[in-house]
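Here is a short report for a first look at this structure. Keep the sequence and the model side by side as you read.

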Amino acid sequence: MVHHTMNTSNTSAPSASSNNKVMDRFGQVSRAVMKVGTSVAIVGSLLSCAVGPVRGPAPVTAPSPPVADMPGDAGALPPAIQRGKSRWTPARWSELPGWGQDSLHEAWNAWVRGCERPAQGQAGPCAELRQLSIATAAEQQAWVMRRFVPYRVTEPDGGLPDGLLTGYYEPIMAASRVPTTTHRTPLYAPPAGLRSGQAWYSRQEIDTLPAAQAALQGSVVAWMADPIDALILQIQGTGRLNITEPDGRVRQVRMAYAQHNGHPYKSVSRWLLDQGAIREASWASIKAWAAQNPQRLNEMLWSNPRTVFFREEALSEFDARFGPRGAQGVPLTPGRSIAVDPQSIPYGTPVWLASQGPTLNVQKLVMAQDTGGAIVGAVRADLFTGWGGWSDEAYITAAALKQPLQMWVLVPR
């Protein structure tokens with residue numbers, strides 16, 4: 001699943017994670033989040049780079065007493081590991097905030113799926129992992145501590161950054177298989193002959209040039225009622241559509257990222273903020289502005305020249321229980337899959353994540369299984385919260401999540 005990130009920089013986004021702060025359609029996020037509390041359900045930051053993380057209480061750093069005397073937390077520590085964008089410094093299990101208190105079995109499925117494409121050095125533990133799926137919590141924890149060493153993720157020079165945790169999700173939207181009086185915005189499959197990375201027609205040219213329209217003849221996979229919803233789907237890079245067929249049947253399918261038109265991604269929220277047209281980077285603000293300025297809607301949309309093309313995937317009952325495939329190539333698990341900078345943390349790496357803020361208070365095991373355009377740096381993660389509509393917990397959590405972060409990677413002994 002490849003998602004783009006609505007941020008202030010004009011970076012491309014080769015992944016599933018969106019990190020797009022997709023705010024509530026009706027501007028109710030702040031109240032809805034109060035109801036969500038600390039639960040993690042199921043995309044992300046509309047303007048992740050526009051402001052810094054929301055400052056709640058500082059991340060928990062106190063050690064977890066129950067772990068202090070457990071086997072596997074003694075002996076000499078190995079040397080630090082230097083990576084492209086990070087430095088991994090070995091740590092004691094007792095230094096991990098909340099270690100011993102997470103329900104590890106909830107992460108086991110994500111870990112098993114990640115072992116379909118294991119990271120370097122993870123093949124040995126992966127061979128043992130599936131056998132532990134029905135083990136007790138104590139057995140799972142003892143195995144992790146015996147087979148792995150935790151390493152604190154820091155800047156390449158060893159500095160401890162604030163870190164940033166955001167969220168993303170898989171939207172569920174309505175669509176039509178054929179154009180109607182209300183559904184007039186197309187979603188396209190890749191045009192014939194388009195090569196990866198090739199600079200093709202821009203978004204504006206696709207909408208206005210007869211040559212572009214001719215090249216896309218027969219490529220429409222669905223029609224949407226709201227062009228901004230179509231833009232959201234493209235920024236997220238994937239989504240589920242409740243699509244109405246010509247015979248009136250409605251079925252749910254997945255639109256997965258296929259390609260883009262080779263143009264750089266540019267944030268429409270940044271475009272509006274720079275003009276003073278909106279005061280906050282939220283979809284509610286953008287939609288309100290569009291409703292008040294319909295004559296400038298295309299101007300706003302065309303400020304982002306990138307267009308994403310989709311491929312339709314059937315959604316079986318089993319597939320519907322998981323998210324789309326992330327950059328690692330395995331299905332994402334709500335609350336247990338994260339997008340990372342692969343130059344800091346390789347895909348398939350188990351990660352202990354600790355973050356405390358106004359949206360979530362989490363210390364738990366997650367898997368690095370995706371990336372995104374704004375997911376850059378040593379201590380940076382985008383939490384996949386699941387799938388849903390505008391009023392669902394997955395959307396509300398992802399839209400509000402923006403807070404400090406600490407990370408430890410688990411490296412096989």
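## Paired strands

This is a predicted model. Strand β7, residues 238-244, pairs with strand β8, residues 250-260. The pairing is antiparallel and runs over seven bridges. Within it, N242 stands opposite Q252 of β8. The hairpin of β7 and β8 has five residues between the strands. One of the residues to look for in this hairpin is G248, which takes a positive phi near 95°.

β8 also pairs with strand β9, residues 308-314. Here too the sense is antiparallel, over seven bridges. R254 has its bridge partner in β9, and that partner is E313.

## The second largest pocket

Next, look at a pocket. The second largest pocket has a volume of about 350 Å³. Its lining is made up of 19 residues. T185, P186, R203, D207 and P227 lie nearest the centre of the pocket.

Which elements give two or more residues to this lining? They are β5 (185-188), α5 (203-208), α7 (227-236) and α10 (297-302). By residue class, the lining of the second largest pocket divides into 11 nonpolar, five polar and three charged residues.

## The disulfide

The structure holds one disulfide. C115 and C126 form it, with their sulfur atoms 2.0 Å apart. C115 sits in the loop between α2 (105-114) and α3 (123-129). C126 belongs to helix α3. The link of C115 and C126 is left-handed, with -75° about the S-S bond.

Are these cysteines buried or exposed? C115 counts as buried because its relative accessibility is 17%, under the 20% limit. C126 is buried as well, with a relative accessible area of 14%.

## A histidine in a loop

H263 is placed in the loop between β8 and α8 (268-274). H263 has a relative accessible area of 18%, so this histidine is buried.

What lies 2.6 Å from a polar atom of the H263 side chain? It is the backbone oxygen of W200.

Technical notes. Residues are numbered from 1 along each chain as its sequence is written. This is a predicted model: local features need pLDDT of at least 70, side-chain atom pairs count only at pLDDT 80 or more; totals for chains, interfaces and linings use all residues. Side-chain values use heavy atoms; hydrogens and water are left out. Two strands pair if DSSP finds at least two bridges between them. Helices (H or I, at least four residues) and strands (E, at least two) are DSSP runs, numbered from the N terminus. On a 1 Å grid over the protein atoms alone, a cavity is a set of points where a 1.4 Å probe fits but cannot get out, and a pocket is an open set with protein on both sides within 12 Å along at least five of seven lines; lining residues have an atom within 4 Å of a point. Grid points are joined across faces, edges and corners, and a volume is the space filled by probe spheres set on the points. Ala, Val, Leu, Ile, Met, Phe, Trp, Tyr, Cys and Pro count as nonpolar, Asp, Glu, Lys and Arg as charged, and the others, Gly among them, as polar. A disulfide is a pair of cysteine sulfur atoms within 2.5 Å. Buried means under 20% relative accessible area, exposed over 50%, partly exposed in between (1.4 Å probe, protein chains only). A polar contact is a pair of N or O atoms within 3.5 Å; within protein, one must be able to donate a hydrogen and the other to accept it, and residues adjacent in sequence count only if both atoms are side-chain atoms.
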